[in-house]
Amino acid sequence: KPLIRIAIFGAVNKPGTYIVEPTVSLWSAIDLAGGPESGAEFQKMYYVRNGEIVAENLMAQFERAYSIEEIGIQSGDQIYIPAKSSFKFRTVMEYSSFLASMVLIYLNIRDRTN
């Protein structure tokens, strides 16, 4: 069978373009991209063709080791694996602290000019 070119982006260790056989499993294709990073959200994995999402929620196909051909992925398609959001309480506190500092600096400058 001829080889096809796919792109794998998102929460993988080596995002990029890969040349694969159409019979390779989705898991094997992701493994070529260095495997998933911690925090990869496989439940939200999707692929894009010509700038439009073709299929979402590829988790079942991923778990069953479907080939990219069986999933419908074609040459030129892009597979995207989102990362989990890392928005935590600590992040909120850091932004709040920064904002409070900026307000205090502004008030200090305003008081000195009056």
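Mentor: Begin with the definition of pairing: two strands count as paired if DSSP finds at least two bridges between them. Please keep in mind that this is a predicted model. Within it, Tyr 46 has Tyr 80 in strand 5 as its bridge partner.

Trainee: Which strands do these bridges join, and in what sense do the strands pair?

Mentor: Strands of a sheet pair through backbone hydrogen bonds, in either the parallel or the antiparallel sense. Here strand 3 (residues 46–49) and strand 5 (residues 78–81) are antiparallel, with three bridges. Val 48 also has a bridge partner in strand 5, namely Gln 78.

Trainee: What is the order of the strands in the sheet?

Mentor: The sheet is open, has five strands in the order 2-1-5-3-4, and shows mixed pairing. Its edges are strand 2 (16–20) and strand 4 (52–55), each of which pairs on one side only. On average, neighbouring strands are turned by 35 degrees against each other, direction ignored.

Trainee: Which sense of pairing joins strand 1 to strand 5?

Mentor: Strand 1 and strand 5 run parallel and are joined by four bridges. Phe 9 has Tyr 80 of strand 5 as its bridge partner, and Tyr 80 is also the partner of Tyr 46. On the strand 2 side, strand 1 (residues 4–10) runs antiparallel to strand 2, with five bridges. One of the bridge pairs there is Ala 7 with Thr 17 of strand 2.

Trainee: How many residues lie between the strands of each hairpin?

Mentor: Strand 1 and strand 2 form a hairpin with five residues between them. The hairpin of strand 3 and strand 4 has two residues between the strands, and Asn 50 in this hairpin takes a positive phi near 50 degrees. Strand 3 and strand 4 are antiparallel over three bridges, and Arg 49 stands opposite Glu 52 of strand 4.

Trainee: Which residues of the largest nonpolar core touch the most other members?

Mentor: The core has 23 residues, and those touching the most other members are Ile 6, Leu 26, Met 45 and Ile 68. Two or more residues come from each of strand 1, strand 2, helix 1 (26–32), helix 3 (68–71) and strand 5. Beyond its neighbours within four places in sequence, Ile 6 is in contact with residues including Thr 17, Val 20, Ala 29, Ile 68 and Ile 79.

Trainee: Does Glu 41 count as buried or exposed?

Mentor: The cut-off for buried is under 20% relative accessible area. Glu 41 has 15% relative accessibility and therefore counts as buried. This residue is found in the loop between helix 1 and strand 3. Not counting residues up to four places away in sequence, Glu 41 touches Ile 81, Pro 82, Ala 83, Lys 84 and Ser 85.

Methods: Residues are numbered from 1 along each chain as its sequence is written. This is a predicted model: local features need pLDDT of at least 70, side-chain atom pairs count only at pLDDT 80 or more; totals for chains, interfaces and linings use all residues. Side-chain values use heavy atoms; hydrogens and water are left out. Axes are lines fitted to C-alpha atoms, for helices over the stretch in contact, and angles run from 0 to 180 degrees between N-to-C directions. A nonpolar core is a set of buried Ala, Val, Leu, Ile, Met, Phe, Trp, Tyr and Cys residues joined through side-chain atoms within 4.5 Å. Buried means under 20% relative accessible area, exposed over 50%, partly exposed in between (1.4 Å probe, protein chains only). Contact means heavy atoms within 4.5 Å.
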